[in-house]
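Subject: Structure for you to look over

Dear colleague,

I am handing over the structure below, with the sequence alongside.

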2 protein chains.
Amino acid sequence: MAFQYSQELLNQVSSLIQQNDEQGIVDLLKDLHYADIAEILDELNAYEATYVFNSLDSEITSEILLEVDEDVREKILRSLSAKEIADELIELDTDDATDIISELSDERMKEVISEIDDDEHAKDIVELLRYDEDSAGGLMAKELVKVNENWNVLTCIKEMRAQAEEVTRVHSIYVVDDNDKLKGRLSLKDLLTTSARTPIKDIYIPKVDFVSVDEDAEEVAKIMRKYDLEAIPVVDELGRLVGRITIDDIVDVITEEAEKDYQLAAGISQDVEADDTIWELTKARLPWLILALFGGFISVSILGGFQEALQNHKELFFFTPLIAAMAGNVGVQSSAIIVQGLANDSLKGSLWKRLLKELSLSLFNGLVLAFILMSAGMYFLGFDLKFGLTIATSLISVIIIASLVGTFIPIVLDKRGIDPALATGPFITTSNDIFGILIYFWIAKMMLGF
Amino acid sequence: MAFQYSQELLNQVSSLIQQNDEQGIVDLLKDLHYADIAEILDELNAYEATYVFNSLDSEITSEILLEVDEDVREKILRSLSAKEIADELIELDTDDATDIISELSDERMKEVISEIDDDEHAKDIVELLRYDEDSAGGLMAKELVKVNENWNVLTCIKEMRAQAEEVTRVHSIYVVDDNDKLKGRLSLKDLLTTSARTPIKDIYIPKVDFVSVDEDAEEVAKIMRKYDLEAIPVVDELGRLVGRITIDDIVDVITEEAEKDYQLAAGISQDVEADDTIWELTKARLPWLILALFGGFISVSILGGFQEALQNHKELFFFTPLIAAMAGNVGVQSSAIIVQGLANDSLKGSLWKRLLKELSLSLFNGLVLAFILMSAGMYFLGFDLKFGLTIATSLISVIIIASLVGTFIPIVLDKRGIDPALATGPFITTSNDIFGILIYFWIAKMMLGF
């Protein structure tokens, strides 16, 4: 069902550009959704993308500008004059216009703003630019439908018709007092099912969820998800209604947050995509690999410190990758569960209770794994009992320590205000590799006495 | 802003239950949102949760039933008669009612359905039960507002008022013909801004996105996200309008999908939470650990096979955890980028181009890392040049192979219809550990000649 452009379509577009056939392009793309046209633009080179963009009707170009990849947008914007950009922005909701304008240099931004014909729109954009992009203020749009508590249903519908012209999607209708303070909301349904002379005061719902402009974007997402809201009003320090956030923006926040956590768990430190340049991908990946390399150095020197064991117990060295791998895997499992629990607020009870639970869990898992390891080792590799017990004891200890470290670190990071997702991936595998190898050889030394 | 119950509130609830004070509980909780009350119920024991549930007003209990954790819901449902469950279901939208009823045993389900007073509602639930829960049919609700293309705005508003009574949230208004075939949509905005006698035929928008009942839930999420839809109509094989899916259900699909991918990357095979029982957590974690253990065995036997190197080049064994860790980390990075690219459809171009890009990327990263490793090794650990070059060459080769494996496996899995997220986490780390160690010793054997 979702549109997928074909290579054939791309070729058609390219050849129309070569023939300088603007009308041909318009005809070819006229039935496509702007999100689909944006996908096509992402595939073209800078000249082609700009050519297609300029061929199309201004009604659709602003939406396309919003949907294309950031690097394509940058190229298109560079080809437009300040006035042309301003005309695109007027077509967009204030929050989307702000997102685009904030990608420009300060100087260009000022030029563009001064070219925006609609003073109200320009003022709104300037206001929105003030807010941090990860706050409620950075997510909200100024477009909303609000009515005064002193009106009646009839006035209300008349006023709303005028306001609705400006608003792409009407969600709730917000009720304010004469000072613009948020008093409550009015559902469209109530309005459709109440007689025309009823005063708004009598029918509005005084209970309304809202967020403050400086609320964190992730927190807004949690609130809207928890209470199943499709839009939420935003108020300033004085309780005045200043904007509203809609669920489509929240879907983006949730998706980006999930992608970030996933990438951190995989040791990728910036928001990259498979189609980014090698340089961007390297910037995101290499730092973690260097961290892991230094962790590896430490494990090398630990092993070097136990080299006297080589004489009588060289098999110990054959098991180091196994022990390190188990420590890494257990640690990542434990930390992932905690990171996810923190992300969706489902983590209850004290740290000690949590560690105790993890202790019993890892003790149980450790026993099962140690039993498998010991029996397989004695059967296939001909261990004696003492060596088998040594390896088994080490494995259990390593698993317990790794799972406690994996549980403890994200909780502590979170308490200190650091993103706990940092604690997954290379960070936890590397530190658990080191701990694991150290514990393994200590225990072996005690039990085998070398 | 988001509500957080306090331990004090939980204690108050418990003591009111002990005093058998139903009214006290109602008063204490009366200003709370049902989602907040559900959170409190999740914290109580089965008896207490059921007690609170039965004390509350029936208007709110159905919503609470929907929000509580599955295990709490199971306990509450067990304490209710079929008739009582049926009464809760009538309060809910058909999609939510279906979700709850599908958790019952077949026999109980039939009893409950026969007790539902509203025949239409019962019929809708029976219809929805037919669909796979991961399909559009499984997500959709039967509640929607539809108008006939042959009506005018006035009739339309009158009919809508009646229909809106049944529908919690009015999104688009769908336009159908006399055979119930979906023809288009009518925005609320258009309806608010058009005169009363205009025929619907003249104002409806014939272009409407829709999905088929058997469309995959994830695909529906992609479509709604891409086209920024807040609701999408669902049609059957004959093009008849049978339901609609709203964005709040899609938010849940996106969140669950992201959590699943994240857990798979961490080696957790089922949807678990930090507060699940130790047994459930073990079931989700132990299988992956056993897989990793078997991988570890293979690495043990590989190392055993190269033990003749111990005589002259024992340092080689000190480096195995470092090599294995680098292979694991690089592999996870590569596969995570591919998995994410597949998930959001941003992966373009052929497999060979993708592998070639990964090859250049890993060659570059490998050179940097090998240079650091060699210089540090020669400076701190006193390697001679030959040994330094051996380790460096091995590291580069291992990194290249690991990144190619990490890129190749998820793409191949995806082409065969297997969830590519399976390829991240323990699976990729374990296989790369093994490959890495094998390549490392091969190269060392060739270069050092033991």
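What follows is a summary of what was found, going from the whole assembly down to single residues.

Please keep in mind that this is a predicted model.

The two chains

Chain B superposes on chain A by a rotation of 180° with 0.0 Å of shift along the axis, and the RMSD is 0.1 Å. The two copies are thus related as by a two-fold rotation axis.

The contact between them takes 99 residues from chain A and 99 residues from chain B. On the chain B side, the largest share comes from helix H17 of chain B (residues 278-305), which gives 17 residues. By residue type, the side of chain B that touches chain A divides into 56 nonpolar, 22 polar and 21 charged residues. Of the interface residues of chain B, 100% are also interface residues in chain A, so the copies meet through the same surface.

Domains

Chain A is divided into three parts: domain 1 covers 7-130, domain 2 covers 146-254 and domain 3 covers 278-448. Between the C-alpha centres of domain 2 and domain 3 of chain A there are 51 Å.

A three-stranded sheet in chain A

One open sheet of chain A has three strands in the order E4-E5-E6, with mixed pairing. Its edge strands are E4 (211-212) and E6 (241-246) of chain A, each of which pairs on one side only.

Strands E4(A) and E5(A) (residues 231-235) run parallel and are joined by two bridges. In this pairing, Val211(A) stands opposite Val234(A), and Ser212(A) stands opposite Val235(A).

On the other pairing, E5(A) and E6(A) are antiparallel, with five bridges. Here Ala231(A) is found opposite Thr246(A) of E6(A). The two strands form a hairpin with five residues between them, and Gly239(A) in the turn has a positive phi of about 80°.

How covered is E5(A)? It is mostly covered, with five of its five residues buried. Ala231(A), Pro233(A) and Val235(A) point one way from the strand, while Ile232(A) and Val234(A) point the other way, and all are buried.

Helix H16 of chain A (residues 247-265) lies across E5 and E6 of chain A and runs at about 60° to E6(A).

Asp228 in both chains

Asp228(A) sits in the loop between H15 and E5 of chain A. Its phi is positive, about 50°, although the residue is not a glycine. Most residues other than glycine have a negative phi. Asp228(A) has 21 C-beta neighbours inside 10 Å and therefore counts as buried; the cut-off for buried is 20 or more.

In chain B, Asp228(B) is found in the loop between helix H15 (217-226) and strand E5 (231-235) of that chain. Asp228(B) also has a positive phi of about 50° and is not a glycine. With 21 other C-beta atoms within 10 Å, Asp228(B) is buried.

Lys386(B) belongs to helix H21 of chain B (residues 385-415). Is Lys386(B) buried or exposed? Lys386(B) has 10 C-beta neighbours inside 10 Å, so it counts as exposed; the limit for exposed is 12 or fewer. Lys386(B) and Met447(B) are 61 residues apart in sequence, and their C-alpha atoms are 8.2 Å apart in space.

Asp248(B) lies in helix H16 of chain B (residues 247-265). Because Asp248(B) has 17 C-beta neighbours inside 10 Å, it counts as partly exposed. The C-alpha atoms of Asp248(B) and Phe383(B) are separated by 61 Å, and the two residues are 135 residues apart along the chain.

Best regards

Notes. Residues numbered from 1 in each chain as written. Chains lettered and ligands numbered in written order. Predicted model: local features only at pLDDT ≥ 70, side-chain atom pairs only at ≥ 80, totals over all residues. Least-squares fit on C-alpha atoms with pLDDT ≥ 70 in both. Contact = placed C-beta atoms within 7 Å. Domains from an automatic or database assignment. Pairing = 2+ DSSP bridges. Helix = DSSP H or I, 4+ residues; strand = E, 2+ residues; numbered from the N terminus. Axes fitted to C-alpha atoms, helices over the stretch in contact; angles between N-to-C directions. Nonpolar A, V, L, I, M, F, W, Y, C, P; charged D, E, K, R; others polar.
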